[in-house]
Amino acid sequence: MSYQFELEKGSTKHICPACRGKTFVRYIDGETGLYIADEVGRCDREVKCGYHQTPKEYFQISGGNPFHKQSTCNDRKAKGAIRAIEKPVFVPDEVFRESLQRYERNTFFRFLVGLFGIDEAMELCSWYCVGTSRYRSGACVFWYLDDSGRVTRGKVMQYDETGHRVKGCTNSAHSLMKLGKSPELHLYGLHLLKLDTSLPIAIVESEKSAILAAGYFKGFIWMATGSLSTLTAERLKPLQGREIILFPDGGAFEKWREKAESLSRRYNIRCSDALERSLTDEQREAGYDIGDFVVGAVQGDRRVRAGSG
C-alpha cells in the first residue's frame with residue numbers, strides 16, 4: 001500500500017527544529033516529491049531528541065493544506081537565501097508569562113514534586129522557566145532565555161508520570177505558534193549565568209538533566225546544550241572566564257572529552273568522568289545520564305558525587 005506522504009528517502013538530512021542537529025528527515029508528497037513544511041518530519045536522534053511531527057499533526061495545527069507554495073530541489077537555494085535575511089523573532093513576553101501557571105496539569109512538574117517536594121519543584125521551574133504547554137495536554141515547555149533575559153525559543157516536551165519522555169511528542173514553540181525564524185541557539189539556562197559568579201558552570205545534554213541536577217547538586221550552575229554538536233566555541237562566549245565542567249551521558253565520555261580538549265585553548269573547560277566511572281556496562285549501553293542518577297539517589301539508590309571528577 002502506498003501513502004500520499006512519506007519520509008524522504010536517501011541520505012539528505014536537515015536541521016532538526018528541536019535539537020538543532022543535522023539529523024532531521026522531512027516528509028514529502030509521494031506523488032509530487034514536494035516538501036510539506038520545515039518542521040514536518042522526524043529527528044533520527046530518537047532517544048536523545050525524539051522530535052516527530054507528522055503531516056496529520058501539522059494539518060491539525062495549521063488548519064489547511066500546506067501546499068500553497070512548496071520548495072523543490074531546484075528552488076531550495078532561493079528559499080534559503082530569503083530565510084537567511086529573515087529577521088529573528090523572539091517569543092512574545094505575554095506568551096511566555098501566560099505559560100508559567102497551570103502546573104497541576106504539567107506532568108513534568110508533578111514528577112519534580114514527587115522527587116523534591118512542591119516548594120523545591122516550584123523553585124526549579126521558576127529558575128529554569130518551565131512552562132505548561134497550551135498545545136499538548138500535560139506537556140511542559142523548556143523556555144530558552146538569553147543572557148539579556150529575552151525568550152529566544154521554547155522546546156515543548158511531553159513526559160509521563162515517571163519522568164520519562166513520551167516519544168514523538170516534542171515540538172518547537174516557534175513552529176507551533178508560527179513565529180518565523182528563531183534567534184540563534186544558545187545554552188539552556190544561560191539566563192542564570194550571573195546568579196552566582198563564584199560557581200562553576202556544569203553542562204549536560206538535556207534540559208531535564210540540568211533541572212534534576214540543579215535540584216540535587218547545589219555547587220554548580222547547571223545548563224544544557226541540547227546535543228554535543230551544538231556545543232561550540234561561539235556558544236560558549238558568554239561563559240568566558242568561568243570554570244566549565246562537562247557531564248556527558250553514559251557511553252559518550254570520549255566524544256565529550258575530545259570536545260573539551262578542542263575548546264580548552266579558549267576556555268577553562270574540562271570533562272568530568274565521575275558519572276562514567278560509576279556506570280555498569282548495562283547503564284552505559286543504555287545512555288544513563290546524571291538525571292537518571294539523581295532520580296536513583298533521591299529514591300534511595302546510590303549517589304554520584306558530581307564534583308569528584
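**View 1. Glu120 sits in helix 5, residues 118-127.** Helices here are DSSP runs of H or I with at least four residues, strands are E runs of at least two, and both are numbered from the N terminus. This is a predicted model, where local features need pLDDT of at least 70, side-chain atom pairs count only at pLDDT 80 or more, and totals for chains, interfaces and linings use all residues. Residues are numbered from 1 along each chain as its sequence is written, and side-chain values use heavy atoms, with hydrogens and water left out. Glu120 is buried at 18% relative accessible area (buried means under 20%, exposed over 50%, partly exposed in between; 1.4 Å probe, protein chains only).

**View 2. The Glu120 side chain meets the side chain of Lys218 in a polar contact at 2.6 Å.** For a polar contact, take a pair of N or O atoms within 3.5 Å; within protein, one must be able to donate a hydrogen and the other to accept it, and residues adjacent in sequence count only if both atoms are side-chain atoms. Leaving aside residues up to four places away in sequence, Glu120 touches Gly215 and Lys218 (contact: heavy atoms within 4.5 Å).

**View 3. Helix 11 (residues 290-298) is largely enclosed by the rest of the structure, because seven of its nine residues are buried.** Among them are Ile290, Phe293 and Val294. The buried residues pack against several elements, including helix 4 (107-116), strand 9 (201-204) and helix 7 (207-216).

**View 4. Here are the two ends of helix 11.** At the start, a side-chain oxygen of Asp289 comes to within 2.9 Å of the backbone nitrogen of Gly291. Just after the helix, Gly300 has a positive phi of about 105 degrees.
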